[in-house]
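Here's a quick tour of how this fold packs together.

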Amino acid sequence: MEIFLYTFGVMYSPGPVNFMGMNAGLTGQFKKTIGFFIGVGCAMLTLFIFLGYAGEAIITHKYLPYISLLGSLYTFYLSFKMATSNIQLNEKETNITPNKNLTFWNGFLIQALNPKGILVVLPVTTIMYPAAHITGQMIFLVSVLISIGGAGAPGLYSLFGEIIGKQIKNASWINQLNKFMGAILAIVAIFMAYDFFVGINLI
C-alpha cells in the first residue's frame with residue numbers, strides 16, 4: 001500500500017508533465033492528446049520494468065545530473081513551443097483550434113527525461129519492491145498498475161484545464177494563459193538545469 005501512496009503523491013504533484021496536461025486541457029486538446037497520456041504511462045512502465053529487474057546498477061545516482069540536463073533542454077523546447085503557439089477560436093463552433101496537438105512521443109520523452117519520474121522509480125524498485133517481496137512477474141503487474149496511475153495524472157490535470165478553458169470565450173485570454181503555462185514550464189526547466197549543475201559538483 002505504501003508503494004501506491006508514495007507514487008500517487010509524487011506523480012500527482014505539479015511538474016512539467018502535469019503542467020503540459022493542464023495546458024492541453026486549457027487549449028481544448030483533452031480528447032486529442034490521449035496519446036500523450038499513454039506516452040507518459042509507457043515511459044513510466046519502461047522505467048519500472050527496466051529498473052525493477054536491473055535495479056540501481058543500471059542507472060545510479062551519478063547519471064541523474066545528465067538526465068536532468070537532457071530533460072531541461074527538452075522542457076525548454078516544449079515551453080518555447082507552448083509560449084509561441086497561437087490559439088484561435090472557431091466562432092461557429094466556439095471551439096479552440098490549436099496549432100499542434102501533443103503526441104505519444106512528446107509524453108514518452110518528457111517523462112523518460114524527467115528526473116522526477118526517475119526519482120519516483122528508483123526508491124520503489126530498489127527499496128520498496130524488495131521490502132514488499134515483489135519479485136518476478138509481480139514486478140511487471142505492480143509496475144503496470146503504477147504506470148496507469150502515472151498516465152492518469154496529466155489526464156486529470158488536462159480535464160481540470162478543459163473545465164476552466166470552456167469558461168473562457170476570449171482567444172486573447174487563452175493565448176495569455178498559454179504563455180503563462182509556457183513560462184511556468186520554462187521555470188521548471190531552469191530548476192532541472194540547476195539540478196544538473198549541483199549534481200555535477202557532487203560527482
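In which hand does H2 pass H7? The crossing is right-handed, meaning that the near helix is turned clockwise from the far one by less than a right angle.

## Ground rules

This is a predicted model, so local features need pLDDT of at least 70 and side-chain atom pairs count only at pLDDT 80 or more, while totals for chains, interfaces and linings use all residues. Residues are numbered from 1 along each chain as its sequence is written, and side-chain values use heavy atoms, with hydrogens and water left out.

## H2 against H7

Helix H2 covers residues 16-26 and helix H7 residues 137-165; helices here are DSSP runs (H or I, at least four residues), numbered from the N terminus. Their axes come within 6 Å and cross at roughly 35 degrees. Those axes are lines fitted to C-alpha atoms over the stretch in contact, with angles running from 0 to 180 degrees between N-to-C directions.

On the H2 side, the residues in contact (heavy atoms within 4.5 Å) include Val17, Gly21 and Gly25. Across from them, H7 brings Ala153, Tyr157 and Gly161, among others. By class, this contact has nine nonpolar, six polar and one charged residues, where Ala, Val, Leu, Ile, Met, Phe, Trp, Tyr, Cys and Pro count as nonpolar, Asp, Glu, Lys and Arg as charged, and the others, Gly among them, as polar.

## The largest core

A nonpolar core is a set of buried Ala, Val, Leu, Ile, Met, Phe, Trp, Tyr and Cys residues joined through side-chain atoms within 4.5 Å; buried means under 20% relative accessible area (1.4 Å probe, protein chains only). The largest one has 17 residues, and Ile3, Phe48, Tyr129 and Ile146 touch the most other members. H1 (2-11), H3 (34-54), H6 (115-131) and H7 each supply at least two residues, with the largest share, seven, coming from H6.

Apart from this core lies another, of 11 residues, including Val17 and Phe30.

## Aromatic pairs

There are six aromatic pairs in the structure. Rings of Phe, Tyr and Trp (its six-membered ring) pair if their centres lie within 6.5 Å, and planes under 30 degrees apart count as stacked, over 60 as edge-to-face and the rest as tilted.

Phe30 and Phe37 make a tilted pair, 6.1 Å centre to centre with 45 degrees between the planes. Phe48 and Tyr129 are tilted too, at 6.4 Å and 35 degrees. Because Phe48 sits in H3 and Tyr129 in H6, this pair ties together parts 81 residues apart in sequence. Phe48 is buried at 0% relative accessible area, and Tyr129 is buried at 1%.

How values were computed
Buried < 20%, exposed > 50% of the residue type's maximum accessible area, 1.4 Å probe, protein only.
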